[in-house]
Amino acid sequence: MIKTPVKELENRMERFRTLMDEFNPEWEIAVIFSKINLYYFTGTMQDGMLIIPRNKEATFWVRRSYERALNESLFQKIESMNSFRDAVKSFQSLPDTVHLETEVVPLAFYKRFQKHFPFNNFKPLDNVISTVRAIKSEYELAFMRKAGQIHQHVLEDMVPEMLKEKMSETDLAAELFRVMINEGHHGVTRFGMFDTEIVLGQIGFGESSIYPNYFNGPGGNYGMSPAVPVIGCRDRKLKSGDLVFIDVGCGVEGYNTDKTMTYMYGKPLPKYVLEIHSKCVSIQNEIAEMLKPGAIPSEIYNTIINSLEKDFLQNFMGFRNRRVNFLGHGIGLLIDETPVIASGFNEPLQKGMVLALEPKKGIKDVGMVGIENTFIVTSNGGECITGNNPGLISVF
């Protein structure tokens with residue numbers, strides 16, 4: 001079992017407190033409930049709450065399983081509770097306002113919490129946590145590099161052997177998931193986007209990869225059914241001439257990379273399709289060169305968008321009216337983290353941030369071409385950790 005080192009946990013808490021002092025000078029107490037953030041700060045994902053008073057030691061109160069939390073975590077102070085009433089007994093008084101995760105804590109849950117912790121007001125701490133998590137330590141980057149190696153090997157070396165005439169999208173998804181697990185993938189693809197289920201990623205043959213989808217990304221797929229619009233379609237079979245689009249996450253010890261590869265099955269795609277794909281690869285490489293400390297994500301986005309011809313912008317980063325307004329996104333414990341290469345993101349990049357760049361373009365009757373890889377921000381530009389294959393691998 002890999003346990004997050006004490007020093008790593010201490011550094012994260014210290015950076016959190018420093019940013020809270022900077023962003024919320026009046027703060028007195030913060031409470032964290034979400035399992036991803038609990039894992040980040042304590043090293044275990046057990047059900048409970050992390051209470052961080054400004055001038056006292058933080059305590060992780062665990063409902064279930066206290067035994068497992070003790071076994072998995074090196075966090076300094078872990079206490080057992082059956083309910084919130086057990087934890088509140090440790091406080092003689094409470095401040096007027098609590099800072100908590102407003103993006104992920106449901107209103108009904110907060111009201112149950114407030115019944116025992118009668119705060120009068122709450123304020124968000126989501127931005128502080130996302131800012132802390134955006135900069136990865138060498139400890140975290142080691143897991144992401146390992147995930148990137150698995151990602152590269154599976155999508156570049158193994159997928160071409162998986163593609164078979166008349167297999168369905170779900171056949172490919174099931175086989176791909178099995179192989180990735182065997183290679184070391186941790187088996188889940190986590191998003192911060194509200195109420196999002198994605199399982200493995202987006203897999204589409206031909207026109208399926210530009211089918212409308214609720215997911216906030218350039219690609220799409222038919223999905224299993226209206227009730228399960230993910231994974232793939234049982235009825236869409238692979239045939240000669242198809243473009244195969246695979247956009248999936250891969251993770252190790254909770255940390256993810258994101259990668260998209262495309263394949264020409266059976267025969268080459270038209271020359272104009274290859275040219276559009278090649279342009280997307282060039283855009284990725286141009287953005288990667290800009291991923292240096294001090295660069296402004298919104299300026300990178302505007303530089304790229306303003307350099308593209310009007311005809312190319314049509315169906316760029318999506319298809320028809322289903323385009324997304326970003327070129328890349330932060331990644332770590334979640335696939336969708338900050339910073340984002342988009343307008344409005346004006347905080348400078350910092351060394352150790354990790355972003356997935358994904359310039360893509362939908363083509364009628366063909367599908368979604370383009371590429372995606374994961375990059376670490378360094379003084380020399382983005383360091384790619386998921387491979388340098390330009391995509392559109394021929395399988396015939």
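Guide: A crossing is right-handed if the near helix is turned clockwise from the far one by less than a right angle, and left-handed if anticlockwise. By that rule, α9 passes α10 in a right-handed crossing; helices (H or I, at least four residues) and strands (E, at least two) are DSSP runs, numbered from the N terminus. This is a predicted model, in which local features need pLDDT of at least 70 and side-chain atom pairs count only at pLDDT 80 or more, while totals for chains, interfaces and linings use all residues. Residues are numbered from 1 along each chain as its sequence is written, and side-chain values use heavy atoms, leaving out hydrogens and water.

Helix α9 covers residues 271–290 and helix α10 covers residues 297–307. Their axes (lines fitted to C-alpha atoms, for helices over the stretch in contact) are 11 Å apart, at an angle of about 150° on a scale from 0 to 180 degrees between N-to-C directions. α9 and α10 are therefore roughly antiparallel (over 145 degrees; under 35 is roughly parallel, 65 to 115 roughly perpendicular, the rest oblique). On the α9 side, the contact (heavy atoms within 4.5 Å) involves I283, E286, I287 and M290. These meet I300, T303 and I304 of α10. By class, the contact of α9 with α10 has 5 nonpolar, 1 polar and 1 charged residues (nonpolar: Ala, Val, Leu, Ile, Met, Phe, Trp, Tyr, Cys and Pro; charged: Asp, Glu, Lys and Arg; polar: the others, Gly among them).

Helix α1 (residues 6–23) and helix α2 (residues 35–42) form another crossing, at roughly 115°, and their axes come within 7 Å. That angle makes α1 roughly perpendicular to α2. From α1, the residues in contact are L9, R12, M13, R15 and F16, and from α2 they are Y39, Y40, F41 and T42. The classes here are 6 nonpolar, 1 polar and 2 charged residues.

F23 lies in α1 and, at 34% relative accessibility, counts as partly exposed (buried means under 20% relative accessible area, exposed over 50%, partly exposed in between, with a 1.4 Å probe and protein chains only). Leaving aside neighbours within four places in sequence, F23 is in contact with N127, V128 and T131. Y110 is 87 residues from F23 in sequence, and their C-alpha atoms are 23 Å apart. R133, in helix α6 (residues 126–134), is buried at 8% relative accessibility. Beyond four places in sequence, R133 touches I36, N37, Y40, L333, L334 and E337. Y40 also takes part in the contact of α2 with α1.

E337 is likewise among the contacts of I331, which sits in the loop between β10 (328–330) and β11 (337–341). I331 is buried, with a relative accessible area of 0%. From I331 to D258 is 73 residues in sequence and 7.8 Å in space, C-alpha to C-alpha.

Strand β11 contains P339, and the peptide bond joining T338 and P339 is cis, with omega about 0°. The bond from R64 to S65 is cis too, omega being near 0°; S65 is in the loop between β3 (59–64) and α3 (66–72).

Most residues other than glycine have a negative phi, and most peptide bonds are trans. D195, not a glycine, has a positive phi of about 55°. This residue is in the loop between α8 (169–183) and β7 (201–205) and is exposed, at 64% relative accessible area. I231 also has a positive phi, about 75°; it is found in the loop between β7 and β8 (243–252) and is partly exposed at 27%.

The structure holds 0 disulfides, a disulfide being a pair of cysteine sulfur atoms within 2.5 Å. For C280, the closest cysteine sulfur is 16 Å away, in C384, too far for a bond. C384 is partly exposed at 22% relative accessibility, and the cysteine sulfur closest to its own is 14 Å away, in C250, again too far for a bond.
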